[in-house]
Amino acid sequence: MWLDRRRSPTVVNCPVKHLFAKQLAEATRPDGEVDIALLGTLVSAAYEEVDHDRRRANDATALMIDEIDRSNKRLLDAFEVVPEGLVLLDAQNRFVLWNRRYAENYPGGRENLVVGGSFEAGLRNGIAYNPEAIGREEEWISERLAQLAQSSNSHEQLQINGRWVRVEERRTTDGGSIGIRIDITELKRREASFRLLFQSNPIPMWVVERNSLRFLDVNAAAVTHYGYSHAQFMAMTLLDIRPTEDWDDLRATVAHGADNAIGRVRRHVKANGTKIEAAIFTQSLNFGGSDALLGAAIDVTARRRAEDELRSTKAFLDTVIENIPAMIVVREADDQKRFVLINRAFETFFGHERKNIIGKTIHEALPQASIDRIEGQDQQLLAAGSLFVDEHEISTPGGPRYAVSKRIVVKEEDGKQRYLLTVMDDVTERRMAKQQLLEANEMLQAIINSSPVAIVGSGPSGCVLIWNETAEEMFGYSAAEAIGRRVADLIVPTDRLESFDSLHSCGLSGQSFRNVIERRKRKDGTILDVQIAAAPVFAADGSTRATLVAYEDITKRKLLEDQLRQSQKMEAIGQLTGGLSHVFNNLLAVIIGNLDLLREHVGWNPDAGEILDEALHASLQGADLNKRLLAFARRQPLQPRQIDLNELVANTVKLLVRTLGADIEIKFSPATGLWPLLVDPTQLESALTNLAVNARDAMPGGGRLIIGTRNVAIDRDYADTHSDVSAGDFVLLEVSDSGSGMTPEVMAHVFEPFFTTKDKEKGTGLGLSMVFGFAKQSGGHIGLYSEVGIGTTFRLYLPRAAMQVVEPTPPPADSVARGHETILAVEDNENLRKLLVKQLTDLGYRVLQAEHAQGAIEILKGDETIDLLFTDIIMPGGMNGNELAREALVLRRGLKVVFTSGFPDAAFRSDGALPSDAILLGKPYRRDELARCLRRAMAASVEPAGVGAE
């Protein structure tokens, strides 16, 4: 801010000459002479007095100037704090004074705002800031100067920055002017918002002048609803949209000052002459300086019509209530609960006349037995506040009957309970029919549940209607889970949906079928082989209302059939090979014998001797080959004797260390207390060597070979699932490698003669077939467990030799260690998992099962109680059993863990290795071994060391 403060010098006006004349007169003697000394004294005193007066005058003037400065400062401070922009111009329209607010928004630029500057020059500098001036600069400047010349003027300006300013200008008495610039942007926005709300409101609205009732504005909704154009409205008054007979009422209402109306219903006339009823809402307001009323009209014509229709409907409902066969009772919901309404059916059913019931309480109108029941129902109904349904026996003049009562609380809009409504149906006959049907259904359900096959009934939509107990066991879903869901969603694998749809269509067409082999799935995802028989259930009109399907689980049967076919195939190959080998042996005997004789006659001929040696060598190789074929055919001569398997293996391992090479690590894990064997030691040593060499070839880059021995008792459960295995005691020789492993396709042919995956120069394909034949000929069998990229385990089961000692009496069947805890069994092999679940269930445990580690973790995250985790070590899905155990112990501290594996000493990879004190049960195992292992684990007080550690 700049202020021009010009101050004139202080002038003291003292009449010195008059004072001097007075002093001269006093110093003049009567004779006319002047007393010079006295005159000097007087003049000196006079000057001192004048000087004193001057100083007093100067002090007073300084005080006055200071007060003026303070007043000016207060005035300027007040000038500054005014929120609007203020400016003073002199009579020549030059800038004299302005405040900061004016300078900030000065359109000509603050740098051009100077004292004495021309207002017209400021206008020219501000043209660029005023959109209305662009293109008409001189005309705009002339208009502004003309406005400024008026005694007062007020106008609005839109600035280039989008803000609106109202300019108020007044001429002052000295010919100058004062200007005020007020920012009205928000006011403009509010006006625009009001205009937008007014125009966009879906309710017809208008503004009328109070005295004349002339329309000042109407919105689009009013134009649309009433049919008058905006221009027509502007030429009308409020009287024009009211019927003539209502004009006096309208004038009286306005005259009595009823400014604000809320919902008064008035009649209006549309442009087409239609009369409507509208609820009117008004509010006083100032509109452009006029005393006005803002009105809104809601068309309630349809609502009034609906009210009329409601009255008509009520009369109709009253007629219906009186004539429907159901009994209707309405009572008040207060403490008395008096009867308000009963219909004719109620009177007839109970034998009560309406005049004896209406207005009375139940204590006044009903017998005590009915009172107790009704009061109990009232309490339940009022507490629930919703529908209450009850079926009960009622005493009537015609004897006891059964009725179903549906009771509700009728509430008012504010939620207050007003009435108790009861609707009763006589269901005596229906109840009797239902009871008969229930008895028939119970008998049918008993028949269905006792069926040894799963029976599933479904309707045309494919949803389950019947699900017997065998179906629950077979597919894993309870009846409550299955009924109402589609069969296809429950038990049909994705790849069998097409064939299922075909069978379902056949059933719906009324056809029966049986002995259809299909695949279905359990709740846990396990796939079952089933044999299906189906029959339609017909409705009274001959259409198919449902289909009954019987499922027989033939999974085990198919498995045994597959094993039998494999066994028969191997037996057939063995018989053929044995027959050929016998003939071939005869031929080789003749050839080798004659070559030996001929060798004595050609000793003098070196060339002939060399040829003869080569032929003899080839014949001997053929003999060795034939020997292997005879071993596979189980026709090789055996020389069994009782041996110590641990001793034989230990001696063989010493040879294998040198034979297999330094890059193969060999570990021998002998079991203590090993049972004796009665086998051919030479053939057994050869079989072990063949298995070791085969393992070496599977580990071209080196690896680990584990050879172990232990006693094994094969139980009936295991034997039932392996057609070539019999139950009994065996000594197990286990050979495991950490090599490349085998695919299922290779495993299916690995024991067949001449089958090999090696190059022709590296193998004949007879090594494993010889081991297979030796095991079978010795009364045992050989098992194979392999996973690609992990390794292979061969298990040679040799029967235990009879000992001349008193065998301990086997524990009775009921002495098997049983339990009751909950076990989570994790096994990726479907057949092994089914066998394990059966064994655990037979031992008394509650079993949860999972196919892989992720499924087990989901179960562990649930609410099920789990006491022990029984898990395989090598599993698909990226997480092995040891990792699963660690994760499980994070989720459930104190959980007991038992591991099982087809490999000895768990897995070979470092991430699968178990801690030293982990409980490991090797496969296969008898039920007794499983039972003892579980009880030992349950008795353990701490988790295995290292399991669960990060």
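What is the relative accessibility of Tyr 797, and does the residue count as buried or exposed?

Modeller: Tyr 797 has 1% relative accessibility, so it counts as buried. Buried means under 20% relative accessible area, exposed means over 50%, and partly exposed lies in between (1.4 Å probe, protein chains only). The model is predicted: local features need pLDDT of at least 70, side-chain atom pairs count only at pLDDT 80 or more, and totals for chains, interfaces and linings use all residues. Residues are numbered from 1 along each chain as its sequence is written, and side-chain values use heavy atoms, without hydrogens or water.

Now the surroundings. Five strands make an open sheet, ordered β22-β24-β25-β27-β26, and its pairing is mixed. The edges are β22 (664–669) and β26 (781–787); each has a single partner strand, so one side of each has no neighbour in the sheet. Neighbouring strands here are turned by 20 degrees against each other on average, direction ignored. Some terms: strands (E, at least two residues) and helices (H or I, at least four) are DSSP runs, numbered from the N terminus. Two strands pair if DSSP finds at least two bridges between them. Axes are lines fitted to C-alpha atoms, for helices over the stretch in contact, and angles run from 0 to 180 degrees between N-to-C directions.

Within the sheet, β25 (residues 728–737) and β27 (residues 791–799) are antiparallel and share eight bridges. Tyr 797 in β27 is the bridge partner of Leu 732. Helix α22 (residues 681–697) packs on this sheet. The helix touches β22, β24 (703–714), β25 and β27, and its direction makes about 35 degrees with that of β25. Contact means heavy atoms within 4.5 Å.

Rings of Phe, Tyr and Trp (its six-membered ring) pair if their centres lie within 6.5 Å; planes under 30 degrees apart are stacked, over 60 edge-to-face, and the rest tilted. By that rule there are 10 aromatic pairs. One of them joins Trp 206 and Tyr 226, edge-to-face, with 6.0 Å centre to centre and 70 degrees between the planes. That pair links distant parts of the chain: Trp 206 is in strand β6 (residues 205–209), Tyr 226 in helix α7 (residues 220–226), 20 residues apart. Both Trp 206 and Tyr 226 are buried.

Back to the starting residue. The ring centres of Phe 730 and Tyr 797 are 6.4 Å apart and the planes stand at 90 degrees, so this pair is edge-to-face. Phe 730 sits in strand β25 and Tyr 797 in strand β27, 67 residues apart, so the pair links distant parts of the chain. Phe 730 is buried too, at a relative accessible area of 5%.

Charges over rings come next. The rule asks for NZ of Lys or CZ of Arg within 6 Å of the ring centre and within 35 degrees of the ring normal. The charged end of Arg 800 lies over the ring of Trp 675, 4.1 Å from its centre. Elsewhere, Arg 331 lies over the face of Phe 339, at 6.0 Å from the ring centre.

Other parts give some context. Trp 206 and Tyr 226 belong to one aromatic cluster, together with Phe 215, Tyr 228 and Phe 233. In the loop between β6 and β7 (215–218) is Leu 213. Leu 213 is not a glycine, yet its phi is positive, about 60 degrees. Most residues other than glycine have a negative phi. Leu 213 has 6% relative accessibility and so counts as buried.

Strand β30 (residues 868–872) runs parallel to β31, joined by five bridges. Phe 870 has Val 898 as its bridge partner.

Finally, the whole chain. It holds 29 helices and 32 strands. Of its 950 residues, 39% are buried. Among contacts between residues at least 6 apart in sequence, 55% join residues at least 24 apart.
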